[in-house]
Amino acid sequence: MTDIPHFPLSAVVGADDLKLALCLAAIDPKIGGVLIEGPRGMAKSTLARGLADLLASGQFVTLPLGATEERLVGTLDLDAALGEGRAQFSPGVLAKADGGVLYVDEVNLLPDHLVDLLLDVAASGTNLIERDGISHRHSARFVLVGTMNPEEGELRPQLLDRFGFNVALSGQTLPAERGQILRRRLDFDSDPAAFCTEWAEQQAALRERCTQARARLDSIELDDQALAQITERCFAAGVDGLRADLVWLRGARAHAAWRGADEIAEEDIEAVAELALRHRRQEPSPPASPPSQAQSPKPSDGSPAQGQWGDMPAPALPTGTRRDVPTWPKKP
């Protein structure tokens, strides 16, 4: 556990879908992380920090936007190389995040190759470095949590697909919930230690539930019935590739473990359906309008039609619809 008190995850008001997605990703990190879309001020980092307190290490690491590849994966220790003449590995952010939460704010503004590296390591749980005369491998099992505001730029579809779960937060919170959120936040700010003590029992119960679910996970079989239902629904949703099927199946199994069940049930499949499909679902393209049968009038002199100067080109036909993106304001 960290020395700095974090706002307890069990004390967060609302955001039930996001809390579930985070807990399932903590139960099975192979799900591939959680991408959160939403405007500022929606407690995204608060939830991620609260999740870190449920993990064994309690480690919470933030990757800054200006991070380089060397800072992310690690590099050659120059002090050892220059002072002692030997090649030694200097750990990066991925090594520090092992066993905890790696939080990336505005992940859509990171260079694509860094996002690709992050997702590779998050899926494999291992960071392999072969550069600058060194070859090093270390464990990097963490829960990846990324946030983005699509109004400030979207991720490429290839990278978007590699996030396991996707949750969109609404910027409009009901007045009753807003009041409850403000009251709890003010109580925490006035005395963090006392607030955490007040919620210690609920937080301990949530931590124990996650621990038991992780222990039960491997005993839950990936049965053929659940597999058939998931693959059929992924096919109907028009998703590209097989990552959606795999993430959905892993998520359903993690949800069954979260419930304390011994097998995957219908409710487990439904609980994670939107989390796995939201950013992968393909809307069918509208049918192209049939070409006009009317022929252009022939010139009066009988010569073949050559077109007319000043004619506007035909409008482009739509090839498909983009996924709906809420219009959130940009950061100042």
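These notebook entries record what I looked up in the structure.

**Basis.** I worked with a predicted model, in which local features need pLDDT of at least 70 and side-chain atom pairs count only at pLDDT 80 or more, while totals for chains, interfaces and linings use all residues. Residues are numbered from 1 along each chain as its sequence is written, and side-chain values use heavy atoms, with hydrogens and water left out.

**Strand β5.** I looked up β5, residues 101–104; strands are DSSP runs of E with at least two residues, helices are runs of H or I with at least four, and both are numbered from the N terminus. Val-101 and Tyr-103 point one way, Leu-102 and Val-104 point the other way, and all are buried. Buried means under 20% relative accessible area, exposed over 50%, and partly exposed in between (1.4 Å probe, protein chains only). In a regular strand the side chains alternate between the two faces of the sheet.

I then asked which strands pair with β5. Two strands pair if DSSP finds at least two bridges between them. Strand β2 (residues 60–62) pairs with β5 in the parallel sense over three bridges, with Thr-62 bridged to Tyr-103. Strand β8 (residues 143–148) also runs parallel to β5, joined by four bridges, and Leu-144 in β8 stands opposite Leu-102.

**Cores.** I looked up the nonpolar cores, which are sets of buried Ala, Val, Leu, Ile, Met, Phe, Trp, Tyr and Cys residues joined through side-chain atoms within 4.5 Å. The largest has 61 residues, and Leu-24, Val-34, Val-101, Phe-165 and Trp-248 touch the most other members. This core draws at least three residues from each of domain 1 (1–171) and domain 2 (216–282); the domain bounds come from an automatic or database domain assignment. A second, separate core of 30 residues includes Val-61, Leu-72, Leu-155 and Phe-163.

**Gly-32.** I found Gly-32 in the loop between α1 and β1 (34–37). Is Gly-32 buried or exposed? Gly-32 counts as buried because its relative accessibility is 6%. Leaving aside neighbours within four places in sequence, Gly-32 is in contact (heavy atoms within 4.5 Å) with Leu-119, Arg-162, Phe-163 and Gly-164. Val-247 is 215 residues from Gly-32 in sequence, yet the two are 7.8 Å apart in space, C-alpha to C-alpha.

**Trp-248.** I also listed the contacts of Trp-248, leaving aside neighbours within four places in sequence; among them are Ile-230, Arg-233, Ile-269 and Leu-277.
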